[in-house]
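Please look over the sequence and the model shown here before reading the report.

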Amino acid sequence: DKKCHSILTIHYYIYMNTEKATRYRRTKADITEDIRKAAVDQVMKRGFSSSLVTEIIKKAKIEPPVFYHRYKDLDEFYSEFVKGYDYWFSQIADEAMKSSNDPKVQYIALMKGLQDSLKDKSVMQELLRWEVAEGNDTTKRTAMLREAFTLPLAEKYKALFENTCVDFVALASLLIGGLYYLNLHKERSTFCGIDMQKEEDIERINKAIKTFAEIMFSFLERRDTKQDVAERMRAKGIDEQTIKECLQI
């Protein structure tokens, strides 16, 4: 019995030492990434407002002090967490601008890129839903940051349509807001018979985006410059002073 006990003891110590040698030890970066992945899992299941810090801790396989050593509370964690998704709209815009030198083609690519990014359930989609449902420092910051990315692009197109009757900014806001709503609403009901959970209806929306852009940009194609109008006014015998006053040139 003593011999047996000694052999078992030796085997136990060999086993324990082997375990210690081979056991995976997570770095701080590993732990941070595990917390992020756990948060993604919770947000996708419950949304931002219903996620539980206890479940994130459990999923990340850490002790509560490890989490709270990094973040004061869930709000502070979210403030850091969503920064990884702040730039999604600007990334879509960058890709669209690289797609062509034609402003119309760029705009269609931008809107289709936005639709593609919202098609599947994602953290970005849940972030939009959270912004609409709840006003706090984090949701206000992400919404304002996205607006800051959008404004230069809106100003670019606004200048392009300056001498037309098209209010590009107003029309673009309606289209973007419509795409947001259609995708956030799709799990509740169809909208005007459009089911955004069906590929054929998503394709209908993509075709509608193209039609929408074609109509808007058609005003550019038939736009008269002030000089064109001035020449026609001169041909009709209108004096230069009146032409300058009317055209503000």
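## Overall architecture

This is a predicted model, and its chain has 13 helices and zero strands. Of the 249 residues in the chain, 35% are buried.

## Helix H11

Helix H11 spans residues 199-221, and Ile202 and Glu203 are both found in this helix. The C-alpha atom of Ile202 is separated by 8.6 Å from that of Gln115, although the two residues are 87 apart along the chain.

Helix H11 also holds Arg204 and Asp201, which lie three residues apart, about one turn of the helix. They form a salt bridge in which the closest N and O atoms are 3.6 Å apart, and Asp201 counts as buried because its relative accessibility is 8%.

## Salt bridges

The structure holds 11 salt bridges, the Arg204 to Asp201 pair being one of them. Side chains of opposite charge can pair when their charged atoms come close. In another bridge, the side chains of Lys121 and Glu126 meet at 2.8 Å, N to O; Lys121 is partly exposed, with a relative accessible area of 37%, while Glu126 is buried, at 5% relative accessibility.

Glu240 forms a salt bridge with Arg234, with the closest N and O atoms 2.4 Å apart. Both partners are partly exposed, Glu240 with a relative accessible area of 37% and Arg234 at 30% relative accessibility. Elsewhere, salt bridges that share partners join Lys121, Glu126 and Arg129 into one network.

## Negative surface patch

Asp116, Asp120, Glu199, Glu200 and Glu203 form a negative surface patch. Helix H11 supplies the largest share of this patch, namely three residues.

## Cysteines and disulfides

A disulfide is a covalent bond between the sulfur atoms of two cysteines. The structure holds zero disulfides. Among the cysteines, Cys192 counts as exposed because its relative accessibility is 74%, and Cys246 is likewise exposed, with a relative accessible area of 53%.

Methods
Residues numbered from 1 in each chain as written. Predicted model: local features only at pLDDT ≥ 70, side-chain atom pairs only at ≥ 80, totals over all residues. Heavy atoms only, no water. Patch = residues over 30% accessible without salt bridge, like charges linked within 9 Å, V, L, I, M, F, W, Y side chains within 5 Å. Areas by Shrake-Rupley, 256 points an atom, 1.4 Å probe, with all protein chains shown as cover. Salt bridge = Lys/Arg side-chain N within 4 Å of Asp/Glu carboxyl O. Lys, Arg positive; Asp, Glu negative; His and termini not counted. Charge placed at Lys NZ, Arg CZ, Asp CG, Glu CD. Helix = DSSP H or I, 4+ residues; strand = E, 2+ residues; numbered from the N terminus. Disulfide = S-S within 2.5 Å. Buried < 20%, exposed > 50% of the residue type's maximum accessible area, 1.4 Å probe, protein only.
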